[in-house]
Amino acid sequence: MYCPLSGTDEEGSLRVSSTLGHLEIFHSGQWGTICDDQWKAENSKVACRQLGYRFVNRSFTAEPLTGTSPIWMDDVQCIGTEESLVDCDRKAWGENNCQLTENIGVECFDGNYALLQYLLHYTLPSPKTKSQSKMLVLEGQNSQQS
Ligand SMILES: [Ca+2]
């Protein structure tokens, strides 16, 4: 599940490509990508918060891009409390040693989705009735004897 496009054409604004899933940042009048070098969880946290989401699902290296999209950011190192990726330690705009195969992507979610994930992972199977338990024990004994 990708975050929807939510970028406005403002300096430092973020959006996520709905087709390839990579993160894009607006700088100097143009959307560009962010390199995955040294990417860490704190970076995703800041990115998701900036996009208007409460939680990070995961980050990943997105599908390679073809074309001439600028690689705006590289070696991003956030603490996790920054309001924007622009506030994180990083190389200067456009300075990078990356290819367009190294675009970082993020998946974010909000509170409701978090609850859903929680329920899916932690809902236990309903307790067995007494007779079902007995049957399972008998089957076990049979298999040991044969
Ligand atoms: Ca780098």
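Author: In this predicted model, the open sheet is built from four strands, arranged in the order β1-β2-β3-β5, with mixed pairing. Its edges are β1, residues 14–16, and β5, residues 71–73, each of which pairs on one side only. From one strand to the next, the twist averages 50 degrees. As a general point, the strands of a sheet pair through backbone hydrogen bonds, in either a parallel or an antiparallel manner.

Consider β2 and β3 next. These two strands pair in the antiparallel sense over four bridges, and in one of these pairings E24 has T33 of β3 as its bridge partner. The two strands form a hairpin with two residues between them. In the turn, S28 has a positive phi of about 55 degrees.

On its other pairing, β3, which covers residues 30–34, meets β5 in the parallel sense over two bridges. Here T33 stands opposite I71, while I34 stands opposite M73.

Leaving aside neighbours within four places in sequence, I34 is in contact with L23, I25, W72, M73, V76, N103 and I104. I34 is also listed with L23, A47, M73, L85, I104 and V106 as the residues that touch the most other members of the largest nonpolar core, which has 21 residues. At least two residues of this core come from each of β1, β2, α1, β5 and β6. In soluble globular proteins, nonpolar side chains tend to be buried together.

Just after α1, G52 takes a positive phi of about 95 degrees.

Most residues other than glycine have a negative phi. Q38, in the loop between β3 and α1, has a phi near 55 degrees, a positive value in a residue other than glycine. Q38 counts as exposed because 11 other C-beta atoms lie within 10 Å, and the limit for that class is 12 or fewer. D75 is found in the loop between β5 and β6, and its phi is likewise positive, near 55 degrees. With 16 other C-beta atoms within 10 Å, D75 is partly exposed, because that count falls between the limit of 12 or fewer for exposed residues and that of 20 or more for buried ones.

Two totals complete the picture. Of the 146 residues of the protein, 26% count as buried. Among contacts between residues at least 6 apart in sequence, 68% join residues at least 24 apart.

Note on methods:
Residues numbered from 1 in each chain as written. Predicted model: local features only at pLDDT ≥ 70, side-chain atom pairs only at ≥ 80, totals over all residues. Pairing = 2+ DSSP bridges. Axes fitted to C-alpha atoms, helices over the stretch in contact; angles between N-to-C directions. Core = buried A, V, L, I, M, F, W, Y, C linked by C-beta atoms within 7 Å. Contact = placed C-beta atoms within 7 Å.
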